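Welcome! Have a look at the chain below, and then we will walk through some of its features together.

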Amino acid sequence: MQPDKPKNLNDHLANERTYLAWLRTGIGVMAFGFVVVKFSLFLKQFSLIFGNQNIIHSKGYSAEIGILLVVFGLIISIFGYFRYKKTEKQINEDTFKNNSFLIGLSTIILIVFTLILIWYLITSVESYAK
């Protein structure tokens, strides 16, 4: 005999998968921020090893951008958790309403970060070409 499964089991499992996807996204953004910071440090060390301090300009913003990406990844994870709990409550109360605020906010912030990184890379390349 098969035990009775809860009425909204598939909805809860889908909600859990969505939450795990938000966690993976947050971890991915944090990892990218970590790479941005560490790559900047690597380039500074690389220039010191070869005795050419002109390779890397000290005016770079890689550390700041990387730290902001790590913070953004943390915020994504936290908002993902709150969204998970809110959706869980709505499923239990049978009052679920779709809300794409987190998706829109994440998209806008990622576009802003992308534009900042593009600007930073273009200005960095131009300064090296001089």
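Leaving aside neighbours within four places in sequence, leucine 69 is in contact (heavy atoms within 4.5 Å) with Val29, Met30, Phe32, Gly33, Val36 and Phe113. This is a predicted model, where local features need pLDDT of at least 70, side-chain atom pairs count only at pLDDT 80 or more, and totals for chains, interfaces and linings use all residues. Residues are numbered from 1 along each chain as its sequence is written, and side-chain values use heavy atoms, with hydrogens and water left out.

**The core**
- The largest nonpolar core has 11 residues, among them Val29, Leu69 and Phe113; such a core is a set of buried Ala, Val, Leu, Ile, Met, Phe, Trp, Tyr and Cys residues joined through side-chain atoms within 4.5 Å.
- At least two residues of this core come from each of helix 1 (9-49), helix 2 and helix 3; helices are DSSP runs (H or I, at least four residues), numbered from the N terminus.

- Threonine 87 sits in helix 2 and touches Asn15 and Phe96, not counting residues up to four places away in sequence.
- Threonine 87 is buried, at 12% relative accessible area, while aspartate 94 is exposed, at 62%; buried means under 20%, exposed over 50% and partly exposed in between (1.4 Å probe, protein chains only).
- Aspartate 94 lies in the loop between helix 2 (62-93) and helix 3 (101-129), and has a positive phi of about 60° although it is not a glycine.
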